[in-house]
Amino acid sequence: MVASQLAPAPSRQQPGEVMLDVQNVCQAYSKGSASDLLVLDGVNLQLREGEIVGLLGRSGSGKSSLLRIIAGLTRPKKGQVTWQGQPIDGPPKGIAMVFQSFALFPWLTVLENVEIGLEPLGVPASERRSRSLQAIDLIGLDGFENAYPKELSGGMRQRVGFARGLVVHPKLLLMDEPFSALDVLTAETLRTDLIDLWMEGKLPLRSILLVTHNIEEAVLMCDRVVIFSSNPGRIAAEIPIDLPHPRNRSEPAFRQLVDDIYGRMTRPTERPAATPHAPAPDAQGSGIGMTLPNVSTNLLAGLMEALMQSPFDGKADLPEIADELTMEVDELFPLAETLQLLAFAVVEHGDIRLTDDGRRFVDEDVDARKKRFREHLMAHVPIAAAIRRVLDERSSHRAPYRRFSEELEDFMSEEFAEETLAAVIDWGRYAELFAYDEQSQSFSLEDPA
Amino acid sequence: MPLHHPSLTTARPWRYIPSVWDALIFALVIGAIALVLFGGHETLQPLAESQKTQISLDPSHLPYYALRTTLRMLGGIVLSFLFTLIYGSLAQKSRRAEMVLIPVLDILQSIPVLSFATFTLVFFLNLFPGSLLGAELAAVFQIFTAQAWNMTFSFYQSLKTVPKDLSDVSDSLRLGGWRRFWTLELPFAAPGLIWNAMMSMSGAWFFVVLSEVIDVGAIHITLPGIGAYVSAAIAHKDLGAIGWAMLTMLGVILLYDQLLFRPLVAWSTKFRVELVATAGEEHESWLLDFFQRARLAQRLFRPLGAVFRWFVELRIGAPVRPSRQVIEAWDSPITDMAWFGLIAVVSLWVGWQAFAYVTATLGLNDLVTIVGLGGLTLLRVLVLIVLASLFWVPIGIWIGLRPKWASAAQPVAQFLAAFPADLFYPIVVTLIVYYHVNPDIFLSPLMILGTQWYILFNVIAGASAMPSDLLEAASSFRVRGLNWWLKVALPGVFPYFVTGAITASGGAWNASLAAEVAQWGETTLHAHGLGAYIKDATTSGDFHRGLLGVAVMSLFVVLFNRLFWRPLFEFSARRLALN
């Protein structure tokens, strides 16, 4: 690789002056009647010239919301963002964005898709053409100028996305999970190409802000990683990454950093909602107001089984098991946390360990598993217990969906209430704790058998 | 490709049960019609001189007549496109405009197409006194009313569902409203819009034929065209001429299809957003292929492309950005209240005008009569839909499951839907007269003659789209006979059937104005129904009765859609959609 021989440009090593300043930004989504849902709470962040910064967090941690605010696509509820000394009010000059879904216009060719960014700047047609061809060339797309996006592979499409971002010669490039829609191999190639161009100083950029949920990606690319906690989104930690480029995933220092970040992201105090045993500050009496991720019981059982097998024998390093199961943080964390909530496992400091009950569950047959799951559901998931209690108390043994969705909406947004109930319905059906009829939207104790 | 029914898929803020707001909007629309009548009535008399173009029954004149009819059609479609772009954009950009425009559109599409011309004729004749131009415009306007509403719904629906990432990227690139419209919104809406325009065209042939002979009160105008030719043939009891007219119509529709819509639909697939090419829905056009391959044709189009690009790159935007206070005041709930208040006052006022206009000569017993007649027409629509479904659904499924048959039958069914069924009416009337059967029963099938094909080709589309693994699973588990129909075939095509049936039912209501009264020479047959009532009222120039009849019919249609079709549609989309 070329970059390894070249001494990195000095400006790349020592971050320069502040370009972007995020001050005390709060963002909330109003959900109509009930109180607002806070997604970002008092976020402060500075971005300096010459650095790549990664925003790392779970889905729902508000990192994408922050990126959209910086891009000028939405306005924060509170706080201010200044870009080169000017408050941001609409998409600012000098900031370009790359999207997770590529966001290419299907009816435009590669060249037209790249050119379109230059039109509003008033660049004359001939210069538009030459600059676009340059950007296409730089990003490795030459030969594809006249292709339509649907003729390209995912990786090539995202290259068009990069070319479109770069052609306007922005100072700051925002990237919203740019590699997460790509397969592993393609994503890796694209990452290295980008880092190489950056190290060689071939990009017109002064700085890059990358949103990701992939810990290794953040460690691989960034000079600084900002970790977000969820509900509401806050900055939990900032970790500088001083490893020289190109970075090697198998190096001990690299692994150490990844482990460290995993540990920080699974620190129990960071998600009060999922740890009812700790005296959570917002415990709404019964704990019913806990949001639950809609993860299937099949996956829960599958993860427990994988944990019991060698080489883990009931205890695993989260990065390792994620690797083993080829799962992303976003997929693995909700599973791990649900197991923790149900007291089938304990998650701490980047490790997951099955409890005794968890171990027993793995060894049991279907009926015994269901029984154990039912007991744990009743004991540890207040909304499931509440549904069962209401059904037991009513003489008809029936209750409408709305009875519980409205109760949940006192604590959370409509969307979360829906997901939480979907999770509880799935788990309750598996545990045969209650039945649910989609058509009449009602819970009951009826046994279809 | 299944027929989308945009007015039903459009997410709207109200539910099935009509609200006070609906009532206000209803009053607004009917009142506006009353005002048009009111204003025109005074000046109607001096215009009453009859203008009758002599129509020759010599078939050699037919190409000329066909050309005139076709141009009228073209005029209607251009007008519909313009209306759609402006109205749809307005409804999408402004929340307050949307609250009025979309319900208004819903009422407008429930008003029988044939009655529009009656009401607007006066207005157009006044625009160009003493010339046929006014009547021409009235005819074009009628075609417009037959096409525009569902195109507008489709466009609005597309604007509402523009992919968020593309919308974000347009903002991020600072494209601005004008360029955003041309590079994002219009291309994204294009496939749906063109498809709906083609569907509207099918329906509009029915009305273009009728719009050429205008018989309103003392006004009798004949515009040269195929419709006028047919009407002259009916007056002369010339079956041969009717045959020639049908043949010409066949040619015209085929040409329109091959030269305009095939190429457009094939071209518009380029604007589909799904990035993976979907198999099975290939649209091909020899004309488009020819243009895309021929150098000369490309050279001809290049200047057009340049003009288009120049147009799109125009910098059109607000000259001054309003200050924050102005924006906040504009968005405030107080302005909302003022807006609601304004709409309510205007609606009540024009509604009162309509009420006063109608009650000047009519009383409660007239209303009772009309509602009764409406019930009769409703009964006809229902029975016909049921009969047509019983007949066509099994046939459609049978054809749809055989790909070879389906690909042959689909264009035929679409063509039959486009063929103006009114050309067949004389034949049916002769039969009724000849056999002395009850017109109340035997005129009814005319209502669904033209629109039953929507059921057929939607069911064919549904059956062809059934996943083959599902069918194979059914046959491997030996699901057969009645069980197969009830558990596999019927649920599988149900969502498609519902869309087809909705279109057929809407078409039947519309056709009732033409089908419940039929003529052959001096013989005129009448069925009892709301369609015949409205038709008779307008031909005799009794606008009071006409307006009341139209109001009641549109009420019937709105309620029928809201309380019957929409719940059915949502049920089928929720429970039976196969994806």
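Mentor: A crossing is left-handed if the near helix is turned anticlockwise from the far one by less than a right angle, and right-handed if clockwise. This is a predicted model, in which local features need pLDDT of at least 70, side-chain atom pairs count only at pLDDT 80 or more, and totals for chains, interfaces and linings use all residues. Residues are numbered from 1 along each chain as its sequence is written, while chains are lettered from A and ligands numbered from 1 in the order in which they are written.

Trainee: In which hand does α14(B) pass α24(B)?

Mentor: Helices are DSSP runs of H or I, at least four residues, and strands are runs of E, at least two, numbered from the N terminus. Here the helices concerned are α14 (residues 333–359) and α24 (residues 543–575) of chain B. The crossing of α14(B) with α24(B) is left-handed.

Trainee: Are α14(B) and α24(B) parallel or oblique to each other?

Mentor: Their axes, lines fitted to C-alpha atoms over the stretch in contact, with angles from 0 to 180 degrees between N-to-C directions, come within 8 Å and cross at roughly 130°. Angles under 35 degrees count as roughly parallel, over 145 as roughly antiparallel, 65 to 115 as roughly perpendicular and the rest as oblique. The two helices are therefore oblique.

Trainee: Which residues of α24(B) make the contact with α14(B)?

Mentor: Two residues are in contact if their C-beta atoms, placed from the backbone, lie within 7 Å. From α14(B) come B:Ala354, B:Tyr357 and B:Val358. From α24(B) come B:His544, B:Leu547 and B:Leu548.

Trainee: How many residues does chain B give to its contact with chain A?

Mentor: Chain A contributes 16 residues. Chain B contributes 21 residues.
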